[in-house]
Amino acid sequence: MISLDLKKCNGCSACSNICPKKAIKMLPNDEGFLYPCIDEEKCINCEMCLKVCPLKKDKPKEIYKTFYGWSVNDQIRDYSSSGGVFWVLENHVIKHNGCVFGATYDYSDNVVKHIMVDNKDDLHKIMKSKYIQSTIGDTFIKVKEQLSLGRLVLFCGTPCQVNGLCSYLGKKYENLILVDFVCHGVPSPLVWKYHLNTINKAGGKIECVDFRDKTKGAVKYSVKIHGNSTNYLRWHHKDLFFKLFLDDVILRKSCYDCSAKGKNRCSDITISDFWGAEKYGISNEECKKGISLFAVYNDKIIKILEDESNFFLKEIGNEIMINKSSYATSANMNEKRILFFRDLTQTNYKKRGKSSTRFYLSKKIISKLRRIIKK
(Lines give C-alpha, C1' and ligand atoms only; values in the text may rest on other atoms or scores of the structure.)
Protein backbone atom coordinates (compact mmCIF):
# COMPACT_ATOMS: atom_id res chain seq x y z
CA MET A 1 0.00 0.00 0.00
CA ILE A 2 1.29 3.44 -0.89
CA SER A 3 2.78 5.52 1.92
CA LEU A 4 2.03 9.14 1.12
CA ASP A 5 4.06 12.19 2.14
CA LEU A 6 1.71 15.07 1.33
CA LYS A 7 4.58 17.55 1.13
CA LYS A 8 6.30 15.56 -1.63
CA CYS A 9 3.43 14.11 -3.69
CA ASN A 10 3.06 16.14 -6.89
CA GLY A 11 -0.19 14.49 -8.01
CA CYS A 12 1.29 13.01 -11.21
CA SER A 13 -1.30 10.16 -11.08
CA ALA A 14 1.15 7.40 -12.00
CA CYS A 15 -0.04 5.36 -9.01
CA SER A 16 -3.73 5.60 -9.92
CA ASN A 17 -2.99 4.66 -13.54
CA ILE A 18 -0.84 1.62 -12.63
CA CYS A 19 -3.16 0.13 -9.99
CA PRO A 20 -4.48 -3.21 -11.38
CA LYS A 21 -7.58 -3.09 -9.15
CA LYS A 22 -8.43 0.60 -9.71
CA ALA A 23 -8.17 1.00 -5.95
CA ILE A 24 -6.57 4.47 -6.15
CA LYS A 25 -8.54 7.59 -6.99
CA MET A 26 -7.19 11.13 -7.25
CA LEU A 27 -9.36 13.28 -5.00
CA PRO A 28 -9.05 16.95 -4.01
CA ASN A 29 -7.87 17.95 -0.54
CA ASP A 30 -9.10 21.06 1.27
CA GLU A 31 -6.75 23.21 -0.85
CA GLY A 32 -8.17 21.83 -4.10
CA PHE A 33 -5.13 19.75 -5.12
CA LEU A 34 -5.55 16.11 -6.18
CA TYR A 35 -3.97 13.39 -4.04
CA PRO A 36 -4.20 9.60 -4.26
CA CYS A 37 -6.81 8.04 -2.01
CA ILE A 38 -6.86 4.25 -1.57
CA ASP A 39 -9.90 2.01 -1.31
CA GLU A 40 -8.53 -0.51 1.20
CA GLU A 41 -11.19 -3.06 0.31
CA LYS A 42 -9.95 -3.17 -3.29
CA CYS A 43 -6.22 -2.94 -2.48
CA ILE A 44 -4.33 -6.27 -2.82
CA ASN A 45 -1.00 -4.90 -1.51
CA CYS A 46 0.80 -5.53 -4.81
CA GLU A 47 2.88 -2.39 -4.15
CA MET A 48 2.79 -1.39 -7.81
CA CYS A 49 1.98 2.15 -6.66
CA LEU A 50 5.19 2.26 -4.63
CA LYS A 51 7.28 0.93 -7.50
CA VAL A 52 5.91 3.41 -10.04
CA CYS A 53 6.23 6.55 -7.88
CA PRO A 54 8.71 8.86 -9.68
CA LEU A 55 9.78 10.43 -6.38
CA LYS A 56 11.83 7.32 -5.68
CA LYS A 57 13.87 7.53 -8.88
CA ASP A 58 16.71 9.75 -10.04
CA LYS A 59 16.66 10.85 -13.68
CA PRO A 60 19.80 12.97 -14.21
CA LYS A 61 19.87 14.43 -17.70
CA GLU A 62 22.25 17.01 -19.14
CA ILE A 63 21.10 19.64 -21.62
CA TYR A 64 22.35 18.76 -25.09
CA LYS A 65 21.71 22.08 -26.82
CA THR A 66 19.68 25.23 -26.25
CA PHE A 67 17.86 27.25 -28.90
CA TYR A 68 15.52 30.16 -29.30
CA GLY A 69 13.10 30.74 -32.14
CA TRP A 70 9.64 31.60 -33.35
CA SER A 71 7.09 30.67 -35.97
CA VAL A 72 7.21 32.91 -39.03
CA ASN A 73 3.48 32.31 -39.38
CA ASP A 74 2.07 35.32 -37.53
CA GLN A 75 -1.29 33.64 -36.87
CA ILE A 76 0.34 30.69 -35.10
CA ARG A 77 2.72 32.94 -33.20
CA ASP A 78 -0.06 35.27 -32.06
CA TYR A 79 -2.07 32.36 -30.69
CA SER A 80 0.93 30.79 -28.93
CA SER A 81 2.03 31.77 -25.43
CA SER A 82 5.57 32.47 -26.63
CA GLY A 83 7.08 31.73 -30.04
CA GLY A 84 5.12 28.71 -31.23
CA VAL A 85 7.66 25.87 -30.90
CA PHE A 86 5.05 23.57 -29.34
CA TRP A 87 2.77 24.01 -32.34
CA VAL A 88 5.59 22.88 -34.65
CA LEU A 89 6.08 19.70 -32.63
CA GLU A 90 2.41 18.79 -32.28
CA ASN A 91 1.74 19.59 -35.94
CA HIS A 92 4.65 17.31 -36.94
CA VAL A 93 3.10 14.45 -34.97
CA ILE A 94 -0.34 14.94 -36.53
CA LYS A 95 1.18 15.07 -40.03
CA HIS A 96 2.66 11.63 -39.35
CA ASN A 97 -0.72 10.21 -38.29
CA GLY A 98 0.19 10.38 -34.62
CA CYS A 99 -1.61 11.77 -31.60
CA VAL A 100 -0.88 14.44 -29.01
CA PHE A 101 -1.72 14.48 -25.32
CA GLY A 102 -1.88 17.86 -23.64
CA ALA A 103 -3.82 20.09 -21.27
CA THR A 104 -7.03 21.81 -22.33
CA TYR A 105 -9.43 24.15 -20.56
CA ASP A 106 -12.77 22.44 -20.07
CA TYR A 107 -15.51 25.11 -20.13
CA SER A 108 -18.20 22.69 -18.95
CA ASP A 109 -16.84 22.81 -15.38
CA ASN A 110 -13.97 25.31 -15.71
CA VAL A 111 -11.11 22.92 -14.99
CA VAL A 112 -7.94 21.98 -16.84
CA LYS A 113 -7.53 18.37 -17.90
CA HIS A 114 -5.44 16.26 -20.25
CA ILE A 115 -6.97 15.07 -23.52
CA MET A 116 -5.85 13.30 -26.68
CA VAL A 117 -5.86 15.14 -30.02
CA ASP A 118 -5.32 13.39 -33.36
CA ASN A 119 -6.43 15.97 -35.92
CA LYS A 120 -5.10 19.39 -36.90
CA ASP A 121 -8.37 21.22 -36.28
CA ASP A 122 -8.20 20.45 -32.54
CA LEU A 123 -4.55 21.35 -31.95
CA HIS A 124 -5.53 24.79 -30.65
CA LYS A 125 -7.26 23.15 -27.68
CA ILE A 126 -3.96 22.11 -26.09
CA MET A 127 -1.95 25.19 -27.04
CA LYS A 128 -1.16 28.08 -24.67
CA SER A 129 -0.31 28.04 -20.97
CA LYS A 130 -2.90 27.10 -18.37
CA TYR A 131 -2.04 28.21 -14.85
CA ILE A 132 -3.95 25.48 -13.03
CA GLN A 133 -2.84 21.94 -12.25
CA SER A 134 -4.39 19.67 -14.86
CA THR A 135 -6.25 16.45 -14.14
CA ILE A 136 -4.43 13.48 -15.72
CA GLY A 137 -7.23 10.94 -15.30
CA ASP A 138 -6.37 7.75 -17.23
CA THR A 139 -4.15 9.59 -19.74
CA PHE A 140 -1.07 7.44 -19.00
CA ILE A 141 -3.04 4.29 -19.84
CA LYS A 142 -4.18 5.83 -23.14
CA VAL A 143 -0.63 6.93 -24.01
CA LYS A 144 0.61 3.37 -23.58
CA GLU A 145 -2.23 2.03 -25.70
CA GLN A 146 -1.36 4.37 -28.57
CA LEU A 147 2.35 3.58 -28.28
CA SER A 148 1.59 -0.15 -28.41
CA LEU A 149 -0.29 0.45 -31.68
CA GLY A 150 2.92 1.87 -33.12
CA ARG A 151 1.62 5.45 -33.44
CA LEU A 152 3.86 8.46 -33.00
CA VAL A 153 2.83 10.01 -29.66
CA LEU A 154 3.61 13.37 -28.09
CA PHE A 155 2.90 14.00 -24.42
CA CYS A 156 3.17 17.50 -22.96
CA GLY A 157 2.88 18.27 -19.27
CA THR A 158 4.64 19.67 -16.24
CA PRO A 159 8.08 18.13 -15.54
CA CYS A 160 6.61 16.05 -12.70
CA GLN A 161 3.81 14.76 -14.95
CA VAL A 162 6.33 13.77 -17.64
CA ASN A 163 8.44 12.00 -15.03
CA GLY A 164 5.32 10.23 -13.80
CA LEU A 165 4.50 9.02 -17.32
CA CYS A 166 8.07 7.75 -17.84
CA SER A 167 7.92 5.84 -14.58
CA TYR A 168 4.52 4.39 -15.49
CA LEU A 169 5.70 3.23 -18.93
CA GLY A 170 8.80 1.60 -17.45
CA LYS A 171 10.80 1.67 -20.68
CA LYS A 172 11.78 3.99 -23.52
CA TYR A 173 9.72 4.20 -26.70
CA GLU A 174 11.24 5.47 -29.94
CA ASN A 175 7.80 6.66 -31.07
CA LEU A 176 7.30 8.88 -28.01
CA ILE A 177 8.11 12.61 -27.80
CA LEU A 178 8.12 14.09 -24.29
CA VAL A 179 7.64 17.82 -23.81
CA ASP A 180 7.79 19.71 -20.54
CA PHE A 181 8.31 23.37 -19.70
CA VAL A 182 10.00 25.61 -17.17
CA CYS A 183 7.46 25.45 -14.36
CA HIS A 184 7.21 27.98 -11.54
CA GLY A 185 4.71 25.75 -9.76
CA VAL A 186 1.06 24.71 -10.07
CA PRO A 187 -1.67 26.92 -8.52
CA SER A 188 -4.72 25.52 -6.77
CA PRO A 189 -7.78 24.68 -8.93
CA LEU A 190 -9.96 25.64 -5.95
CA VAL A 191 -8.45 29.13 -5.78
CA TRP A 192 -9.04 29.51 -9.51
CA LYS A 193 -12.69 28.56 -9.00
CA TYR A 194 -13.09 31.24 -6.33
CA HIS A 195 -11.28 33.80 -8.49
CA LEU A 196 -13.45 33.02 -11.50
CA ASN A 197 -16.63 33.33 -9.43
CA THR A 198 -15.44 36.70 -8.12
CA ILE A 199 -15.09 37.99 -11.69
CA ASN A 200 -18.10 36.20 -13.15
CA LYS A 201 -20.54 37.35 -10.45
CA ALA A 202 -23.61 36.95 -12.65
CA GLY A 203 -22.79 33.26 -13.07
CA GLY A 204 -23.09 33.22 -16.86
CA LYS A 205 -21.37 30.67 -19.08
CA ILE A 206 -17.65 31.24 -19.58
CA GLU A 207 -16.69 31.00 -23.26
CA CYS A 208 -13.02 32.03 -23.26
CA VAL A 209 -10.19 31.87 -20.71
CA ASP A 210 -6.76 33.00 -21.84
CA PHE A 211 -4.03 33.22 -19.20
CA ARG A 212 -1.59 34.66 -21.73
CA ASP A 213 -3.52 37.10 -23.92
CA LYS A 214 -1.14 39.10 -26.14
CA THR A 215 -3.33 42.16 -26.67
CA LYS A 216 -0.68 44.28 -24.92
CA GLY A 217 2.20 42.14 -26.17
CA ALA A 218 3.84 38.89 -25.07
CA VAL A 219 5.81 40.51 -22.25
CA LYS A 220 2.87 42.45 -20.78
CA TYR A 221 0.45 39.57 -21.25
CA SER A 222 -3.01 39.78 -19.76
CA VAL A 223 -5.59 37.46 -18.21
CA LYS A 224 -8.67 37.36 -20.42
CA ILE A 225 -12.01 35.93 -19.29
CA HIS A 226 -14.99 36.27 -21.58
CA GLY A 227 -18.53 34.97 -21.30
CA ASN A 228 -22.15 35.92 -21.85
CA SER A 229 -22.09 38.02 -18.66
CA THR A 230 -18.36 38.72 -18.27
CA ASN A 231 -15.75 40.67 -20.22
CA TYR A 232 -12.51 40.76 -18.20
CA LEU A 233 -9.03 41.77 -19.43
CA ARG A 234 -6.37 42.53 -16.86
CA TRP A 235 -2.58 42.82 -17.02
CA HIS A 236 -1.28 39.77 -15.14
CA HIS A 237 0.53 41.87 -12.52
CA LYS A 238 -2.83 43.42 -11.59
CA ASP A 239 -4.82 40.18 -11.53
CA LEU A 240 -5.28 38.82 -8.00
CA PHE A 241 -4.99 35.13 -8.99
CA PHE A 242 -1.75 35.78 -10.89
CA LYS A 243 -0.32 37.82 -8.04
CA LEU A 244 -1.03 35.00 -5.60
CA PHE A 245 0.64 32.61 -8.06
CA LEU A 246 3.73 34.77 -8.62
CA ASP A 247 4.06 35.51 -4.90
CA ASP A 248 4.13 31.75 -4.18
CA VAL A 249 1.00 31.77 -2.02
CA ILE A 250 -1.21 29.24 -3.82
CA LEU A 251 1.21 26.61 -5.13
CA ARG A 252 1.01 22.90 -4.36
CA LYS A 253 3.14 21.97 -1.34
CA SER A 254 5.45 19.77 -3.42
CA CYS A 255 6.29 22.77 -5.62
CA TYR A 256 8.31 24.28 -2.78
CA ASP A 257 10.62 21.25 -2.90
CA CYS A 258 10.13 20.08 -6.48
CA SER A 259 11.57 16.69 -7.45
CA ALA A 260 11.63 17.53 -11.18
CA LYS A 261 13.88 20.57 -11.34
CA GLY A 262 17.10 21.00 -13.32
CA LYS A 263 18.59 17.73 -14.54
CA ASN A 264 15.98 15.59 -12.81
CA ARG A 265 13.63 15.24 -15.76
CA CYS A 266 13.12 12.72 -18.56
CA SER A 267 11.72 14.94 -21.33
CA ASP A 268 13.09 15.41 -24.84
CA ILE A 269 12.60 19.17 -24.73
CA THR A 270 11.98 21.83 -22.08
CA ILE A 271 10.16 24.92 -23.35
CA SER A 272 10.27 28.40 -21.84
CA ASP A 273 9.68 32.07 -22.64
CA PHE A 274 12.78 33.98 -23.69
CA TRP A 275 12.47 36.91 -21.33
CA GLY A 276 15.23 39.48 -21.80
CA ALA A 277 15.87 38.42 -25.39
CA GLU A 278 16.59 42.03 -26.36
CA LYS A 279 19.92 41.70 -24.50
CA TYR A 280 20.99 39.24 -27.18
CA GLY A 281 20.37 41.56 -30.12
CA ILE A 282 16.75 40.59 -30.77
CA SER A 283 14.52 43.52 -31.67
CA ASN A 284 11.84 44.80 -29.32
CA GLU A 285 9.28 44.15 -32.04
CA GLU A 286 10.11 40.43 -32.08
CA CYS A 287 10.12 40.31 -28.28
CA LYS A 288 6.62 41.79 -28.16
CA LYS A 289 5.36 38.99 -30.39
CA GLY A 290 6.82 36.28 -28.15
CA ILE A 291 9.96 34.15 -28.42
CA SER A 292 10.45 30.51 -27.42
CA LEU A 293 13.56 29.45 -25.51
CA PHE A 294 14.05 25.71 -25.23
CA ALA A 295 16.57 23.12 -24.16
CA VAL A 296 16.77 19.80 -26.00
CA TYR A 297 18.28 16.59 -24.70
CA ASN A 298 18.81 14.67 -27.95
CA ASP A 299 18.85 15.05 -31.75
CA LYS A 300 15.24 13.94 -32.19
CA ILE A 301 13.76 17.38 -31.54
CA ILE A 302 16.43 19.22 -33.53
CA LYS A 303 15.68 17.22 -36.68
CA ILE A 304 11.98 18.06 -36.44
CA LEU A 305 12.64 21.79 -36.03
CA GLU A 306 15.30 21.94 -38.74
CA ASP A 307 12.86 20.37 -41.21
CA GLU A 308 10.25 23.04 -40.43
CA SER A 309 10.71 25.88 -42.93
CA ASN A 310 8.21 28.11 -41.15
CA PHE A 311 10.18 28.24 -37.91
CA PHE A 312 13.15 30.51 -37.25
CA LEU A 313 15.74 28.56 -35.21
CA LYS A 314 18.94 29.85 -33.55
CA GLU A 315 21.29 28.02 -31.18
CA ILE A 316 22.38 29.78 -27.98
CA GLY A 317 24.44 28.86 -24.92
CA ASN A 318 23.08 26.25 -22.50
CA GLU A 319 23.81 28.49 -19.51
CA ILE A 320 20.86 30.73 -20.44
CA MET A 321 18.44 27.91 -19.67
CA ILE A 322 20.46 26.51 -16.76
CA ASN A 323 20.53 29.92 -15.08
CA LYS A 324 16.77 30.44 -15.31
CA SER A 325 15.61 30.35 -11.71
CA SER A 326 12.47 28.26 -12.28
CA TYR A 327 14.38 25.72 -14.37
CA ALA A 328 16.57 24.53 -11.51
CA THR A 329 15.19 26.09 -8.32
CA SER A 330 11.96 25.49 -6.45
CA ALA A 331 9.71 28.35 -5.35
CA ASN A 332 10.01 29.64 -1.79
CA MET A 333 6.85 29.15 0.23
CA ASN A 334 5.21 32.45 1.12
CA GLU A 335 4.89 32.83 4.88
CA LYS A 336 1.26 33.88 4.37
CA ARG A 337 0.29 30.65 2.61
CA ILE A 338 -0.92 28.83 5.74
CA LEU A 339 -3.17 31.70 6.78
CA PHE A 340 -4.49 32.14 3.25
CA PHE A 341 -5.67 28.52 2.95
CA ARG A 342 -6.96 28.24 6.51
CA ASP A 343 -10.76 27.84 6.23
CA LEU A 344 -10.66 29.42 2.77
CA THR A 345 -14.09 30.12 1.27
CA GLN A 346 -15.54 32.01 -1.67
CA THR A 347 -16.57 34.75 0.76
CA ASN A 348 -13.14 35.43 2.26
CA TYR A 349 -11.04 34.67 -0.85
CA LYS A 350 -10.66 38.23 -2.12
CA LYS A 351 -9.87 39.74 1.28
CA ARG A 352 -7.27 37.11 2.09
CA GLY A 353 -5.82 37.32 -1.39
CA LYS A 354 -5.30 41.06 -1.18
CA SER A 355 -3.63 40.83 2.22
CA SER A 356 -1.30 38.05 1.01
CA THR A 357 0.33 39.74 -1.99
CA ARG A 358 3.07 42.34 -2.17
CA PHE A 359 1.31 44.23 -4.95
CA TYR A 360 -1.90 44.79 -3.05
CA LEU A 361 -0.09 45.63 0.19
CA SER A 362 2.01 48.32 -1.52
CA LYS A 363 -1.06 49.60 -3.36
CA LYS A 364 -2.90 49.90 -0.05
CA ILE A 365 -0.02 51.88 1.51
CA ILE A 366 0.23 54.23 -1.49
CA SER A 367 -3.53 54.78 -1.45
CA LYS A 368 -3.41 55.62 2.25
CA LEU A 369 -0.53 58.09 1.74
CA ARG A 370 -2.44 59.83 -1.03
CA ARG A 371 -5.44 60.28 1.26
CA ILE A 372 -3.20 61.76 3.96
CA ILE A 373 -1.55 64.17 1.48
CA LYS A 374 -4.94 65.18 0.12
CA LYS A 375 -6.17 66.03 3.63
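Helices (H or I, at least four residues) and strands (E, at least two) are DSSP runs, numbered from the N terminus, and by that naming lysine 216 has its place in the loop between strand S8 (206–213) and strand S9 (222–227). This is a predicted model, in which local features need pLDDT of at least 70 and side-chain atom pairs count only at pLDDT 80 or more, while totals for chains, interfaces and linings use all residues. Residues are numbered from 1 along each chain as its sequence is written, and side-chain values use heavy atoms, with hydrogens and water left out.

**Strand pairing**

- Strand S6 (residues 153–156) is covered on both faces, with Val153 and Phe155 on one side and Leu154 and Cys156 on the other, all of them buried; buried means under 20% relative accessible area, exposed over 50%, and partly exposed in between (1.4 Å probe, protein chains only).
- In a regular strand the side chains alternate between the two faces of the sheet.
- S6 pairs with strand S4 (residues 99–106) in the parallel sense over 3 bridges, where two strands count as paired if DSSP finds at least two bridges between them, and valine 100 stands opposite leucine 154 of S6.
- S6 also pairs in the parallel sense with strand S7 (residues 176–181), over 4 bridges, and here leucine 176 in S7 is the bridge partner of valine 153.
- Strand S1 (residues 24–28) and strand S2 (residues 34–38) pair in the antiparallel sense over 5 bridges, with isoleucine 24 opposite isoleucine 38 in S2.
- S1 and S2 form a hairpin with 5 residues between them, and glycine 32 in the turn has a positive phi of about 95°.

**Salt bridges**

- A search of the whole structure finds 11 salt bridges, each being a side-chain nitrogen of Lys or Arg within 4 Å of a carboxyl oxygen of Asp or Glu.
- Aspartate 273 forms a salt bridge with arginine 212, their closest N and O atoms being 2.8 Å apart; the pair links distant parts of the chain, since aspartate 273 lies in strand S11 (residues 269–273) and arginine 212 in strand S8, 61 residues apart.
- Both aspartate 273 and arginine 212 are buried.
- Lysine 300 and aspartate 268 meet through their side chains in a salt bridge (3.7 Å, N to O), and this pair too links distant parts of the chain, with lysine 300 in helix H10 (residues 299–306) and aspartate 268 in the loop between helix H8 (240–246) and S11, 32 residues apart.
- Lysine 300 counts as partly exposed because its relative accessible area is 26%, whereas aspartate 268 counts as buried because its relative accessibility is 7%.
- Aspartate 122 forms a salt bridge with lysine 125, with 3.5 Å between the closest N and O atoms; aspartate 122 is partly exposed at 23% relative accessibility, and lysine 125 is partly exposed at 37%.

**Surface charge**

- Lys201, Lys216, Lys220, Arg234, Lys238, Lys350 and Lys354 gather in a patch of positive charge on the surface.
- Such patches are made of residues with over 30% relative accessible area and no salt bridge, like charges being joined within 9 Å and nonpolar side chains (Val, Leu, Ile, Met, Phe, Trp, Tyr) within 5 Å.
- Lysine 216, one of the residues in this patch, counts as exposed because its relative accessibility is 52%.

**A buried residue in a helix**

- Phenylalanine 140 is found in helix H5 (residues 139–148) and is buried, with a relative accessible area of 0%.
- The C-alpha atoms of phenylalanine 140 and cysteine 266 are separated by 15 Å, the two residues being 126 residues apart along the chain.

Methods: Areas by Shrake-Rupley, 256 points an atom, 1.4 Å probe, with all protein chains shown as cover. Lys, Arg positive; Asp, Glu negative; His and termini not counted. Charge placed at Lys NZ, Arg CZ, Asp CG, Glu CD.
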